[in-house]
Amino acid sequence: MDKKIPLSLSFDDVLLIPQKSRVLPKNIITESIFSRNIGLNIPIVSAAMDTVTESKMAIAVAREGGIGIIHKNMSIERQAEEIDKVKRYESGMITNPITLGPKNKIHEAVDLMHRYEISGIPIIDKALKIVGIITKRDILFLDNLEENIEKRMTKEIELITAKKGTTFDNAKKLLQKYKIEKLPIIDDNKRLIGLITIKDIIKKELYPMAAKDKFGRLFVGAALGVTEDIIERANELVKMNVDCFIVDTAHGHSSGVINAIKKLKSKFSNIDIIAGNVATARAVKDLALLGVDAIKVGVGPGSICTTRVIAGVGVAQFTAIYECSYEAKKYNVPVIADGGIKYSGDIVKALAAGASSVMIGGLLAGTDESPGSTEIHEGRKFKIYRGMGSIDAMKAGSSDRYFQSDVSKFVPEGVVGKVPYSGTVKEVIYQLTGGIRSGMGYVGCKTITKLQKNAKFIRITSAGLRESHPHDIIMTKEPPNYEPMR
Ligand code: XMP
């Protein structure tokens with residue numbers, strides 16, 4: 001055992017020192033990298049937790065410029081479906097549109113429209129040639145859903161299509177000119193190769209910060225556990241065009257994770273593989289040498305975590321980020337700071353300490369887009385938020401995260417609770433990125449890379465922390481970005 005015991009610090013132990021600045025918050029560039037091949041427009045990632053990220057959350061976060069990681073407390077099929085929903089939500093051109101044949105029944109079209117929240121389906125024959133399109137309008141008030149689609153669809157002869165290579169602007173003009181909502185794109189043999197929709201054009205204009213892949217589809221990641229079916233699960237998710245995998249465990253510096261990374265790396269060379277969670281430079285080195293594309297840092301800082309008190313293990317999050325990022329830089333691997341973000345100021349501190357993005361659970365769990373509905377308690381709205389190491393979540397499937405898959409009785413490392421309802425993801429992220437911009441302005445750094453280079457920290461005492469929060473006042477109105485510590 002080392003004789004000297006080093007001190008580890010958390011966000012509340014430090015502050016960034018203000019520095020001469022020529023940048024205004026509005027001119028700050030919030031772009032960052034998430035993993036080697038995924039760039040974000042804001043450094044925010046929603047946590048792979050079953051009360052935080054399913055497709056709705058992932059869509060909302062990616063539209064704002066970040067990325068969501070779909071949790072894995074669900075069947076392989078369901079996780080694949082959730083990924084598929086995100087990847088299909090917004091596209092430059094939908095390259096694999098959902099299609100049916102002319103002999104399919106109307107009710108099949110209705111089912112697919114409902115499942116994927118789409119308003120029309122191209123109809124193709126066996127040779128993949130387009131023969132029509134069926135839209136919600138064609139089947140409005142229809143009683144007999146057993147009819148063949150060909151009876152109701154707009155037939156090829158009246159169909160407006162465009163040739164392969166059509167620009168987005170040209171597609172927009174055609175959609176406007178013919179007052180249609182969907183433009184099938186075909187090759188020289190009239191085979192359907194894609195679809196451009198008015199919805200996608202509107203979304204593109206409404207969300208200019210959206211974080212997207214090279215086909216214009218929103219980025220999304222998926223959590224994987226160290227389980228028997230890891231490769232089977234990964235295969236199904238790759239079919240849905242998932243952008244990255246996170247091997248999601250409470251202890252990433254373990255042989256199970258190392259073996260899983262090796263397996264994934266050998267099977268999926270075109271997809272970013274992220275590993276976690278770790279809290280030491282040694283772990284970063286070991287994972288970096290395996291070629292991971294990002295490393296997730298955080299052992300025990302999460303708002304619902306009890307790992308540190310149950311297992312007595314962890315590193316206070318600021319020090320963990322600082323030390324891990326220092327090591328990760330040597331290997332050019334981005335760090336994701338996971339857990340413990342209570343305020344936007346903590347995000348600025350995490351980035352300045354070297355992280356390229358932050359993963360957030362609690363602060364997003366209260367939004368409209370998290371799974372589950374709101375509940376009222378003493379006149380205030382709340383949403384359920386639970387640790388993946390809580391008994392309830394482990395029963396639902398996450399016990400492998402805590403290496404307890406084969407035990408008959410769990411030892412939980414997380415709690416179940418509720419967080420105040422906080423409106424839409426858009427509103428919450430607006431406040432969080434506003435804080436990031438403000439912080440970067442105070443230290444005179446226009447980009448996150450500059451912040452990581454130039455930031456200077458100072459340690460504070462508990463008196464300093466007390467002084468940092470509102471004091472000597474009875475708050476009568478809480479602002480949207482400040483929830484007193486309870
Ligand atoms: P925040 O602070 O954003 O933290 O709510 C979210 C992160 O906490 C981790 N997590 C857990 N850690 N026990 C733990 O020790 C748990 O039950 C648990 N559930 C989630 C996870 O890394 C998440 O992103």
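Colleague: Which residues of helix α5 are buried?
Modeller: Helix α5 spans residues 198-206; helices (H or I, at least four residues) and strands (E, at least two) are DSSP runs, numbered from the N terminus. Buried means under 20% relative accessible area, exposed over 50%, and partly exposed in between (1.4 Å probe, protein chains only). The buried residues of α5 are Asp200, Ile201 and Lys203.

Colleague: What is left out of the side-chain values?
Modeller: This is a predicted model, in which local features need pLDDT of at least 70 and side-chain atom pairs count only at pLDDT 80 or more, while totals for chains, interfaces and linings use all residues. Residues are numbered from 1 along each chain as its sequence is written, and side-chain values use heavy atoms, leaving out hydrogens and water.

Colleague: Against which elements do the buried residues of α5 pack?
Modeller: The face of α5 turned away from its buried side carries the exposed residues Glu205 and Leu206. The buried residues of α5 pack against α2 (76-89), α4 (168-177) and β11 (192-197).

Colleague: Which strands stand at the edges of the open sheet that contains β11?
Modeller: Two strands pair if DSSP finds at least two bridges between them. The open sheet has three strands in the order β9-β10-β11, with mixed pairing. Each edge strand has a single partner, so one of its sides has no neighbour in the sheet. The strands at the edges are β9 (162-163) and β11.

Colleague: How many bridges join β10 to β11?
Modeller: Strand β10 covers residues 182-186 and runs antiparallel to β11. Pro184 stands opposite Leu195, and Leu183 stands opposite Ile196. The number of bridges between β10 and β11 is five.

Colleague: Which residue in the hairpin of β10 and β11 takes a positive phi?
Modeller: Five of the six residues of β11 are buried, so this strand is largely enclosed by the rest of the structure. The hairpin has five residues between its strands. A positive phi, near 65 degrees, is taken there by Lys190.

Colleague: How far apart in sequence are the parts that Lys87 and Asp213 tie together?
Modeller: A salt bridge is a side-chain nitrogen of Lys or Arg within 4 Å of a carboxyl oxygen of Asp or Glu. Lys87 and Asp213 form one, with their closest N and O atoms 2.9 Å apart. Lys87 lies in helix α2 and Asp213 in the loop between α5 and β12 (221-224), so the parts they tie together are apart in sequence by 126 residues.

Colleague: What is the N to O distance in the salt bridge of Glu81 and Arg115?
Modeller: Glu81 is partly exposed at 27% relative accessible area, and Arg115 is partly exposed at 39%. The side chains of Glu81 and Arg115 meet with an N to O distance of 3.9 Å.

Colleague: Where does Asp248, the salt-bridge partner of Arg401, lie?
Modeller: The side chains of Asp248 and Arg401 meet at 3.1 Å, N to O. Arg401 is in the loop between α13 (391-395) and β20 (416-420), 153 residues from Asp248. Asp248 lies in strand β13 (residues 244-248).

Colleague: Which residues does Ser325 touch, not counting those up to four places away in sequence?
Modeller: Ser325 is placed in helix α10 (residues 317-330). Ser325 is buried, since its relative accessible area is 4%. The residues that Ser325 touches are Val335, Ala353, Gly354 and Ala355.

Key:
Contact = heavy atoms within 4.5 Å.
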